[in-house]
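Subject: Structure handover

Hi,

Here is the structure I promised to send over. Please have a look at it first; my notes follow below.

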Amino acid sequence: MRLVFAGTPEVAVPALDALLASDRHEVVAVVTRPDAPAGRGRRLVASPVAQRAEEAGIEVLKPGRPKDPEFLDRLRAIGPDCCPVVAYGALLPKPALDIPAHGWVNLHFSLLPAWRGAAPVQHAILAGDEVTGATTFRIEEGLDSGPVFGVVTEQVRPTDTSGDLLTRLAMAGAGLLAATMDGIADGSLEAVPQPAEGVTSAPKIQVADARLDFGAPALRVDRVVRGCSPAPGAWTTFRGERLKVRAVAPRPERTDLAPGELAVTKSAVHAGTGSYAVELQWVQAQGKRPMAAADWARGVRVASGECLGDGPEPAGA
């Protein structure tokens, strides 16, 4: 089939590579989000998918909005048989959906109908799911509600961050998307409607959602830290300033600390929760680089009885 691939971030690149490597299909163009400011200089930078497509010598389309007439006209002129999609980042209007004969086929990083939305991997970790996966489905006008072509499953490991899990799903999902294109091309795959039961939502994680509640059980604190890593980053307050918490480890043997109360030794920093303590492993103070929590505690000279989360949300949070 003639394919036009739609995707934007780094997590979409393995799927693009898998399709470029296929001897059964031709990726004739890529659709991605417009260049965006990045870095301290805030200069415009092409998306990872755009950069990979340019390396491969493929036409790159960067519509401001997928309903722009110029984009729709160009897509019709290219005449794709199917448009595979991975984390494109914009809603596709019906005129675009109607152009390819086999539609637009999305690779979504959950086992649909669970975790429909922008942040399925983060929500799977926040919910304590033990198994997740990836799904290919035909895009329709509803949110992640279209009929399913195929799935792969992936174990959620106890120490997985969202970044860790998404990296594995991107690799497994790349193979699934390529196999889905093969099945559509030879007629061996038919999309099956999603079940009506088991629908859950996975909206984008906001900064406010990533604030740690040390009155919650330790397992909840751990899940929020891992689920919000690398972005937006779990955080709390210390001495009235925001402190990002990059990694923790539950310590069930320690139950003597009140929620948020800190205990510091030469090599470890513990914080109380609503159940047992967690050990802070990596933290990041405002304007600083991430550092080992023990080094941070020595630097700020944590006093006996000081607590995390002891103040209001900092201005600008």
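Charge first. This is a predicted model, and its chain carries 33 positive and 37 negative side chains. The centres of the two sets lie 7 Å apart.

Next, the surface. The chain exposes about 15000 Å². Carbon and sulfur atoms supply 52% of that area. As for the interior, 48% of the 317 residues count as buried.

Now the overall layout. The chain's secondary structure comes to eight helices and 15 strands. Along the principal axes, the C-alpha atoms fill a box of roughly 70 × 45 × 30 Å. I also looked at how far apart in sequence the contacting residues are. Taking contacts between residues at least 6 apart in sequence, 65% join residues at least 24 apart.

How many disulfides does the chain have? The count comes to zero, with a disulfide taken as a pair of cysteine sulfur atoms within 2.5 Å. Cysteine 83 is in no disulfide. Its nearest cysteine sulfur belongs to cysteine 82 and is 6.5 Å away.

Is cysteine 83 buried or exposed? Cysteine 83 counts as buried, because its relative accessibility is 0% and the cut-off for buried is under 20%. Cysteine 307 has a relative accessible area of 23%. That value falls between the 20% and 50% cut-offs, so cysteine 307 is partly exposed.

That is what I have for now.

Best wishes

How values were computed:
Residues numbered from 1 in each chain as written. Predicted model: local features only at pLDDT ≥ 70, side-chain atom pairs only at ≥ 80, totals over all residues. Heavy atoms only, no water. Buried < 20%, exposed > 50% of the residue type's maximum accessible area, 1.4 Å probe, protein only. Helix = DSSP H or I, 4+ residues; strand = E, 2+ residues; numbered from the N terminus. Contact = heavy atoms within 4.5 Å. Areas by Shrake-Rupley, 256 points an atom, 1.4 Å probe, with all protein chains shown as cover. Lys, Arg positive; Asp, Glu negative; His and termini not counted. Charge placed at Lys NZ, Arg CZ, Asp CG, Glu CD.
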